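I opened a new entry to look up a few residues and their surroundings. The sequence and the structure come before my notes.

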Amino acid sequence: MSSKDRVPLFPSRLNLMLMKNRLKGAQKGHSLLKKKADALTMRFRQILRKIIEAKMTMGDVMKEAAFSLAEARFTAGDINSLVLQNVNKAQTKVALKKENVAGVILTTFDYMAEGEDTYELTGLGKGGQQVARLRKNYIKAVQLLVQLASLQTSFIILDEVIKITNRRVNAIEHVIIPKLERTIVYIVTELDEGEREEFYRLKKIQAKKKKLRIQAEEDRKMLKMEAGVKNLLNEVDEDLLFGN
């Protein structure tokens, strides 16, 4: 096994425990990131479906608004000057909001209408009904545009986050976890080999001790035999010298 395929460390019980904890953490992180990616993908598809529906509706809404504008101009004449005279401040505003989806902050926009209607008397002389229809159609178009802008913004953010999350999931699944597993296998193999070597060394030591013990026992027996023979010779010598 190449050292590039595993974490470079000394094979020991402590490092084995650390690698097992790291592997457990990596597996848990992979599971959480996978769930996050699934949740974001589900929301991403929902937003994509809404974007398609909004864009399909947008064509009809804008066409109807443009037709209403042409109808109002034909009936009431040029109403631009009347509209500009009645403008004091913006009645249509966009509220910025934040939405948390699986830890990802999405920026959303909401349509807001404030203040009184300053255009209620516009076209009172002629074309009032057409002007009211024009205003209604363009409010609908603006609301749809705000909704579409909110969906597009969330779509872009989610697309980038999903790519990053999937890269992290793949890195943990195909790089980090296999590397940790190979490291654990390496440490276990080295520890088993060390235990086998230690067991063999202890057996050799015990065999040597046993051999030395047997040798010492034989030496003691030889010494006893030599001592017995010597005593016997001494007794025979005394008998020969002094007679009996």
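Predicted model: local features only at pLDDT ≥ 70, side-chain atom pairs only at ≥ 80, totals over all residues.

Entry 1, Val104. I looked up the place of Val104 and found it in strand E2, which spans residues 104-113. Is Val104 buried or exposed? I have its relative accessible area as 7%, and since buried means under 20%, Val104 counts as buried. I then listed what Val104 touches, leaving out residues up to four places away in sequence: Lys36, Leu40, Glu99, Ile157 and Val161. For one of these, Val161, I also looked up the spacing: Val104 and Val161 are 57 residues apart in sequence, and their C-alpha atoms are 7.8 Å apart in space.

I placed Thr165 in helix H3, residues 128-242. Its relative accessibility is 3%, so I put Thr165 down as buried. Which residues does Thr165 touch, not counting those up to four places away in sequence? I wrote down Leu33, Lys36, Ala37 and Leu40. Lys36 and Leu40 are also on the list for Val104.

I followed up one of them: Leu14 lies in helix H1, residues 13-76. With a relative accessible area of 52%, and exposed meaning over 50%, Leu14 is recorded as exposed.

Terms used. Residues numbered from 1 in each chain as written. Heavy atoms only, no water. Helix = DSSP H or I, 4+ residues; strand = E, 2+ residues; numbered from the N terminus. Buried < 20%, exposed > 50% of the residue type's maximum accessible area, 1.4 Å probe, protein only. Contact = heavy atoms within 4.5 Å.
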